[in-house]
Amino acid sequence: MRIDKFLKISRLVKRRPIAKEMADQGRIKVNDKVVKSSYDVKIGDVIEVGYGTRQVKAKVCSIRETTKKAEASELYELLD
């Protein structure tokens with residue numbers, strides 16, 4: 001699954017076009033490497049998303065094509 005789609009489905013980012021734009025600006029890292037929006041997410045990847053001055057770090061626990069809002073947080077585990 002593409003990183004922009006994963007961020008939208010996991011609700012770490014509200015909309016997919018915003019996730020794509022963030023990746024193209026270099027504000028998304030996976031395993032300490034800046035990635036493009038087409039990066040293929042794998043279970044165990046550590047994703048860092050930069051929201052202005054705030055950084056969110058999450059580990060991918062599961063990958064699903066669709067999810068309900070209540071179950072979205074099961075797709076990742078927040079780190080520090």
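**Salt bridges, sheet and nonpolar core of the predicted model**

The structure holds 6 salt bridges. Side chains of opposite charge can pair when their charged atoms come close.

One of these pairs joins Asp 4 to Arg 2, with the closest N and O atoms 3.2 Å apart. Asp 4 is buried because its relative accessible area, 2%, falls under the 20% cut-off. Arg 2, by contrast, is partly exposed, at a relative accessible area of 32%. Both residues belong to a network of salt bridges that also includes Arg 16.

A second pair is formed by Glu 65 and Lys 5, whose closest N and O atoms are 2.8 Å apart. Lys 5 counts as partly exposed, with a relative accessibility of 25%.

The strands were examined next. Strands of a sheet pair through backbone hydrogen bonds, either parallel or antiparallel. In this model, 5 strands make up an open sheet in the order S2-S1-S3-S4-S5, with antiparallel pairing. Strand S2 (33-34) and strand S5 (76-79) are the edge strands, each pairing on one side only. Strand S1 (residues 28-30) runs antiparallel to S2 and is joined to it by 2 bridges. Val 30 has Lys 33 of S2 as its bridge partner.

In soluble globular proteins, nonpolar side chains tend to be buried together. The largest nonpolar core of the model comprises 21 residues, and those with the most contacts inside it are Ile 3, Phe 6, Leu 7, Leu 12, Ile 28, Ile 47 and Val 49. At least two residues of this core come from each of helix H1 (3-9), helix H2 (16-24), S1, strand S3 (46-51) and strand S4 (54-60). H1 gives the most, with 4 residues. When residues up to four places away in sequence are not counted, Ile 3 touches Ile 28, Val 30, Lys 36, Ser 37, Tyr 39, Val 41 and Ile 47.

Methods. Residues are numbered from 1 along each chain as its sequence is written. This is a predicted model: local features need pLDDT of at least 70, side-chain atom pairs count only at pLDDT 80 or more; totals for chains, interfaces and linings use all residues. Side-chain values use heavy atoms; hydrogens and water are left out. Two strands pair if DSSP finds at least two bridges between them. A nonpolar core is a set of buried Ala, Val, Leu, Ile, Met, Phe, Trp, Tyr and Cys residues joined through side-chain atoms within 4.5 Å. Buried means under 20% relative accessible area, exposed over 50%, partly exposed in between (1.4 Å probe, protein chains only). Contact means heavy atoms within 4.5 Å. A salt bridge is a side-chain nitrogen of Lys or Arg within 4 Å of a carboxyl oxygen of Asp or Glu.
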